[in-house]
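Reader: Could you walk me through a structure I have not seen before? I would like to take it step by step.

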Amino acid sequence: QWIMGIETSCDETAVAIIKNGREISANIVASQIESHKRFGGVVPEIASRHHVEQITIVLEEALYKAGITYSDLSAIAVTEGPGLVGALLIGVNAAKAVAFAHGIPLVGVHHIAGHIYANRLVEEMEFPLLSLVVSGGHTELVYMKEHGHFQVIGETRDDAAGEAYDKVARTLNLPYPGGPHIDRLAHEGNPTIQLPRAWLEEGSYDFSFSGLKSAVINTVHNAEQRGETIVPEDLAASFQESVIDVLVTKTERAVEEYQVKQLLLAGGVAANKGLRASLEKRFGDKAEIKLIIPPLTLCTDNAAMIGAAGSVLFEKGQFAGLDLNANPGLDITIHNDK
Ligand code: ATP
Ligand code: MG
Ligand code: FE
């Protein structure tokens, strides 16, 4: 079984070929970061134009790399949302064109379901499981009782973790995307600056990072006004400690309450060295739960994860019609059996 995955929800034009659900035969990612850098963030119109220019090339490259042709494909899986509508449309239309021209079944995939299924390329899933999703637009704890079934038990009420990283990086004049830069600085500093942690109501699995982000910005501005200098490494370390403390503590509580067999880390912020180390420390050697953390290339946006999720939906017979449309506000529960 060969499944093609296509991902164009943001600023990566990506196509992958997944063999038998779990094996990566090709995983091509054309990043646009250089084009967006000078604007300090992703410019939707520029993203769409790049996807149009790149998609055919990346499609051909993936097939070439996997050593197969369109006629070998069992299905084409594509990110239908959420994301930038103009960017999503390029992938969705490319997928529909190929599906129609070659008579191949089409599968629509939720981008975050994809991030979670990146873990299945590392290790087979065992249910029930919990996934901590931390990305540029999402911070969620997702409970899964079986393949393709997603229950969001907690989510951010304001900024996503990645968004907070990028905004804090901007305050420190670091280039976009700022997450990896803050991560690097954090390891060179000490968490000496007092910053808030948003625990919210007792028992809540929701998150909030806007207060922390504002506290960092205020710390920088106040120091500037008093003519004092702050050590960026220490501020980065303090910020990172606060983010990780809340993420890991709430995850630990959810793992206990839901009695899951596996804990999966997912999304771009899963590339964070401090977060990975902290989770390893708390769950790495526990016999009752298996911690899975994907390699860095499978954490940030890619199409292998879309192919992996698509393979499962394909086997469940959840196909899309040629009227499949991009949906920037898509809900992850669309994959749950009704
Ligand atoms: P979403 O998946 O929610 O739609 P997205 O696709 O834009 O959003 P991803 O590509 O999954 O987001 O992740 C990108 C985010 O990950 C950026 O905010 C980036 O700063 C962050 N990130 C990447 N590497 C690291 C790191 N080492 N530490 C912290 N954050 C990181
Ligand atoms: Mg991206
Ligand atoms: Fe993403």
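Author: Here are a few questions and answers about this structure. It is a predicted model, in which local features need pLDDT of at least 70, side-chain atom pairs count only at pLDDT 80 or more, and totals for chains, interfaces and linings use all residues. Residues are numbered from 1 along each chain as its sequence is written, while chains are lettered from A and ligands numbered from 1 in the order in which they are written.

Reader: Is G136 buried or exposed?

Author: Happy to start there! G136 sits in the loop between β6 (129-134) and β7 (139-144); strands are DSSP runs (E) of at least two residues, numbered from the N terminus. A residue is buried if 20 or more other C-beta atoms, placed from the backbone, lie within 10 Å of its own, exposed if 12 or fewer, and partly exposed in between. Because G136 has 22 C-beta neighbours inside 10 Å, it counts as buried.

Reader: Which residues does G137 touch, beyond those up to four places away in sequence?

Author: G137 also lies in the loop between β6 and β7. Contact means that C-beta atoms, placed from the backbone, lie within 7 Å. Not counting residues up to four places away in sequence, G137 touches A160 and E163.

Reader: How many bridges join β2 and β3?

Author: Good one! Strands pair if DSSP finds at least two bridges between them. β2 (residues 12-19) and β3 (residues 23-31) form a hairpin with 3 residues between them. These strands, β2 and β3, pair in the antiparallel sense, and the number of bridges is 8.

Conventions:
Helix = DSSP H or I, 4+ residues; strand = E, 2+ residues; numbered from the N terminus. Contact = placed C-beta atoms within 7 Å.
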